[in-house]
Each structure stands twice: as C-alpha cells, then as structure tokens.
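I opened a new notebook page for this model. The entries below record what I looked up, strand by strand and helix by helix.

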Amino acid sequence: MTAERICKLLRLPGLTDYGEALVLQRRLAQARASGQLTDDLLILLEHPRVITLGRGARTANVRTPTELLASLGVQLHEVERGGDVTYHGPGQLVGYPIIDLGRHKKDLHWYLRRLEEVLVEALKSFRITSGRVPGYTGVWVEDRKIASIGVHVSRWVTSHGFALNVSTDLADFDLIIPCGIEAVKMTSVQRETGRTQSIVEAAEAVARSFAEVFDLALEPAELASIR
Amino acid sequence: MATRVVMSKLSPTMEEGRVLHWLKKEGDPVESGDVLLEVETDKANMEIEAMGSGILRNILVPEDATVPTGTLLGVIASEDEDISAILAEAEAHAAPSEEAAESQKAAGAEAVPAPQPTSPLQTASPAAAAQEQAEPVEEPAAQAPDARRVKASPLARRMAQERGIELRLVGGSGPGGRIIKRDIEAAATGGAPAFKAVSTELGPEPPYERVELSQLRKAIARNLAQSLGPVPHFFLTTEIDMGRVSELRSELNESLEETGLKIGINEILVKIAAQALLEHPSVNVAFAEDHIRRFTRVDIGIAVAIDDGLITPVLRDAAAKGLRQISTESRELIARARAKKLAPEEYQGATFTISNLGMYDIDEFTAVINPPAATILAVGAIREKPVVVNGAIEIRSRMRVTLSCDHRAVDGAMGAEFLATLRRMLENPLHLVL
C-alpha cells in the first residue's frame, strides 16, 4: 500500500544541543499548527549529556547535586513535556515527531501507544523482543526500560517524543531516578544484543517503522530546506 | 455568555487528567484561542485553549491536582456576569465523585467511579454483588419517586420535613444506607454527600471492572486484529420463535390501552437483551488495548436511521428498568435522535447495540461493531414460516438475529451462550414480567 501523506525526515548529524533542539522544535511545531508546514516531520538526533525535567518532575528524582552535574559536563533543562526526569546522551537515538494529530487521530493515548509500537517494531530488526508495561509509558525488554517517551501537544500538533538507548552509557542513568520510578533498570540495544550497535542503523529502523505505523511516506529533508 | 473550561477528554481511554500549569491567573482577560492551561494524561501533556473570550473569573482546580474528565476547571465570563449557578453546579458534582472513588477503593476493584444503582437483577453477577456490599444501599430515584420509600429514621424524616430537605437527595450513613439525624444535619449545612445528584444523571461512561489480559488473550487479540481490520469481527446467527412474545405483546398493549402507551418489539428486545447480558457479563465488554472492560451496567444503544446517516441513542442501565420505562425513554430518545437534538453523552458509550432492519423487510444481516463496544445485534424481520416442530410442520413466527462480536474480547462460545439465553428468554417471555 502506498501512503499518500508525506513525512519529512530530518536527521541531524553529530550532537545537537538540547536547548537548540528545543527552539527548533517549538518553531517547527508552530509552523505545522499554522499550516506553514504542510507535511508531518520526524527529527532524529543525538544530544550531549543532559538531564531534563518534565512538568511532572520532582527535583528529588535527580540524585546528583547541580554543581556536581555541571562539573561532570551534564546540563540540566526544564521542559514543557509530560513525564518526570529523563537523561539524554551520546549513543541514544532521540526522535521528535512534529505531526498534526488532527490528520491522524485526536487521541493522546493512541499517539503514545503508536510511538511505543514504532519502537517495538524497530527493535525487532535487532531481534529484540520488547513491549509495553501497562501504566508505565515507554518500551520495555522484560523489566528493563530501553526507551522513554514524553510528548507535548499544542493544537493537536506534537513535539518532544522518544529516546531509544542504542549504545548509551547506562551508568549515566545512575545520576537520576528515571521517570521517578525507583527500581527501574535501564538497558540498551547494545546491552541486549551483546554487540556494538550503530546509531545509524537504529535510526533507519526507527524511521522505517515510524512511517509504517503512522502510514506516512518518508522523504529525507535538509534543515535548510525546512527553515 | 459564560464559557466553561473543563478537563477535556483527550483520548477515549482518558478518565482523568492532571492540571500541570495555569498560564492565566484569575482576573486575567482571555481571548478565544488563548492557551489557558496545560493538562497531563499519561506521559503526554496538552495545551487547553479558551473557547470563549472574557475574564478568567475563577480557577476551580489548582495546579498538580488530578480530576476526572469533564470536571469544571474554570469559568470565563464578562466582568459583571452572574456565574453563581455554574459554580454551584460544579460543587454539586465534585462531592459525589470523590465519594464514589473512595467506595470503589474500598471494594478493592479498579473501576471508574460511577454510581451503582442496586437492583435485584444485578445480584446475579458476582461483580454487582461486590459493588452492592461496598456501597451504601440506596434506592434509585427512578424506582422510588415516592419519598416514603426512602429508608430514613422517623426523626430524620421529621427534621427533613421541617427544614424543607428532600429525602431523596440525601445520602444515608446509617445501617443499610438508612438516613439518620446526622445526615440531615449535614445536608442542612450543605455538606451532604449528595450522590443522588449523580445517580439520576448516569454519565456517558458506564462503570466497569478491569480484567487484565492473560497471555492467551493478548495473543488472540494480536493475531485476530491482523487478519481482519482493527476490530476482528465474527458473526453468529440464530433463529428465534417469536410466537409467544408477539402474543404477550398484544396482551400487554390491550391492558395498556387506556394509558395510551404501546410496547414495541424493539423495546422488548432491549429489555430481554439487557437481562441476557446480566447473565453473560463476558459479552458486555469492550477491548481496551491492554485490558478488557467488563461493564457492570448494561447501557443499550438503539441504532436509529436519520436523514443523513444513523445514530445510536443509549438507554442507560436498561437492565434495571421496566418495560414501561424502557418504552417511554426509548421513544423519547428516538424522537430526539430524529430531530437531531441528542447531546453527545446521549449517543456515546453503549455497552451493547441493537440494530433492527425488520421494518425494511430484511431477513437477516450483519452489523458492524461500533467501537469501543465489543458486540452488536442485527435483528431481521419477523416472518411466518413453516418450521418442523416435534416431527410435524407448523407455521410459526420466526425472527433471525445475528450477533457481531469483537473476537479480541469475545469468543465464539461466549457469544453463542449469550444468544442461547436471549433465545430462551424470548421464547419464554415471562422474563419480561420480572
């Protein structure tokens, strides 16, 4: 079946500063909501080491004092998405879909479940069986969390999205209590497969399953062409 | 005109939301389209925009509070507009839902807070029995319009009369839900647990009990969804002898002649289907991705053809209602459906639907399930036809019905057992008198 609707795929190289990505997303989401951008968009990127605090965040879930984080070269950011505390860093594939749910389904839970499905499908290409844990949004391999999800929606246009640990240094999660769930164990594609995994391959798998799940045709784009 | 700001339902599966952050303060001027606040459900948050202009007069739910969908969060109105009625209405609704939530917790069941009018029929299901123990016994207004039948102590009765308090509207905290002195005192000071206000206004979402999916059930759901659309349908057809029901209907209508009320076959079907569903709670369900909702109330949707399509007004708590009430209510709903005057909560959230094309001379057909419900009954015309009875051919009135089932939640045997009960009840219609 050929999807009629197009989704621009924006793959940012290297490490993108969290604050910069935030500004970019906000601008693109506004453009999507106003109709200036006519296509849905998926941004895939990696961040340098950063801890983000969602609106539901309790600072108690950051274990490490702010000064210590700074000296470790870890940034701290407060953001408008749902969810509690999240860690981003090199080796983690971050996806920010800027899509108009008005053209898919105006249903926030549906959207969260579809994002989980995107990641579950993508992980199959690494022969990893993953799934959902009811009540705990995210993607899990047994009791280990492999991907986090947190989204923001304004006028039914989405921003923020998901973070899939590919070759993330899992020790960095010890800086926080992920999602405010005390006993959560984090894992990565690399840990589950026992082999070094490239983020490029993961990005391809995720983009493919994203297009499939949301029934969109991917079209690679450059940042310059969207700005 | 005042504009209500409510906790919107941002997903059919959203039952409550958290107020994350108010972007406007009380007294701020607001333009339609301005972002008022952000709410959170699960790991998603959403900006809520003003639907009208004016002053944000009241913020009724503070940041960080979690409230059920539909809760009034604030009021936008012009500076001097009287909004006391809206505020009073919000208060009246706030109290009972908390109370219901607490008693649900006491029952140890994860269920949406909704009232459970008790009825002798409901004790047939264990879930209903559990509910009954957990909640104070109260007689639904529908069955007890006469205040004399409300359980109350003589002192409470006299106090209520002296203070002009309607006993029906007071929650009883005495044994068996009996209204006692302190309930009247509480009611007089405005602190009454006014759950009557809710039980007379059954919400669009029927109460249910959460059934976790077994590994087998998950596999069935996954596999079948892949084979036929998002809702994997299957169909069960049976033929029912309608002779005795038709006779009973004529007799009923003769006896009702003076009242001007007439009972139709559809209304009998609604009543009997509701009773059959009580016996088969596993068919009165909805598939909800990671669990099954087994509704503890039977809300029957009646498919009605209208000018430009069809709509299914919902007869709430049909099992607890008598034929006469079902008849009056369904006629009223259908009339308003045809006039396109139904509010969304009047045509959403049926736990079971009946679609009858008998008047179009259709013998049998299959109906498409209207999600999230898991079943729909397609009813054909009643026909005189030759049937073999005890080895001889007889002319009988027969009607074919086809049940469409969502195979993720309902299996063939469950559907078949339900149909067998439906047939047994229609062929032995004394059930109607119950």
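**Entry 1: strand β6 of chain A**

I began with β6(A), which is joined to strand β10 (residues 157–165) of chain A by four bridges, the two running antiparallel. Across this pairing, A:Leu93 stands opposite A:Leu164 in β10(A). I took helices (H or I, at least four residues) and strands (E, at least two) as DSSP runs numbered from the N terminus, and I call two strands paired if DSSP finds at least two bridges between them.

For the record, the model is predicted: local features need pLDDT of at least 70 and side-chain atom pairs count only at pLDDT 80 or more, while totals for chains, interfaces and linings use all residues. Residues are numbered from 1 along each chain as its sequence is written, and chains are lettered from A and ligands numbered from 1 in the order in which they are written.

I then looked up the other partner: strand β2 (residues 40–46) of chain A pairs with β6(A) in the antiparallel sense over five bridges. There, A:Leu42 has A:Pro97 as its bridge partner in β6(A).

Is β6(A) buried or exposed? Seven of the seven residues of β6(A) (residues 92–98) are buried, that is, 20 or more other C-beta atoms lie within 10 Å of their own; exposed means 12 or fewer, partly exposed lies in between, and C-beta atoms are placed from the backbone. In a regular strand, side chains alternate between the two faces of the sheet. I noted A:Gln92, A:Val94, A:Tyr96 and A:Ile98 pointing one way, and A:Leu93, A:Gly95 and A:Pro97 the other, all of them buried.

**Entry 2: helix α1 of chain A**

I checked the length of α1(A) (residues 18–34): its 17 residues should span 24 Å at 1.5 Å a residue, and the end C-alpha atoms are 24 Å apart, which agrees. The expected span is 1.5 Å times one less than the number of residues.

I list its buried residues as A:Tyr18, A:Leu24, A:Gln25, A:Leu28, A:Ala29 and A:Arg32. On the face turned away from the buried side I found the exposed residues A:Glu20, A:Val23 and A:Ser34. A:Gly35 follows α1(A) with a positive phi near 90 degrees.

**Entry 3: where chains A and B touch**

I read off 21 residues of chain A in contact with 19 residues of chain B, contact meaning that C-beta atoms, placed from the backbone, lie within 7 Å. On the chain A side, α3 (108–124) and β9 (144–154) each supply at least two residues.

Strand β5 (residues 44–49) of chain B and β9(A) pair in the parallel sense over three bridges. A:Val153 stands opposite B:Met46 in β5(B).

**Entry 4: chain B and its helix α9**

I counted eleven helices and 19 strands in chain B. Buried residues make up 41% of its 434 residues.

In α9(B) (residues 323–338), 16 residues should span 22 Å at 1.5 Å a residue, and the end C-alpha atoms are 22 Å apart, which agrees. B:Ile326, B:Ser327, B:Ser330, B:Leu333 and B:Ala337 are buried in α9(B). These fall within an arc of 145 degrees down the axis, so they line one face of the helix. The face turned away carries the exposed B:Glu332 and B:Ala335.

Conventions: Arc of directions from axis to C-beta. Contact = placed C-beta atoms within 7 Å.
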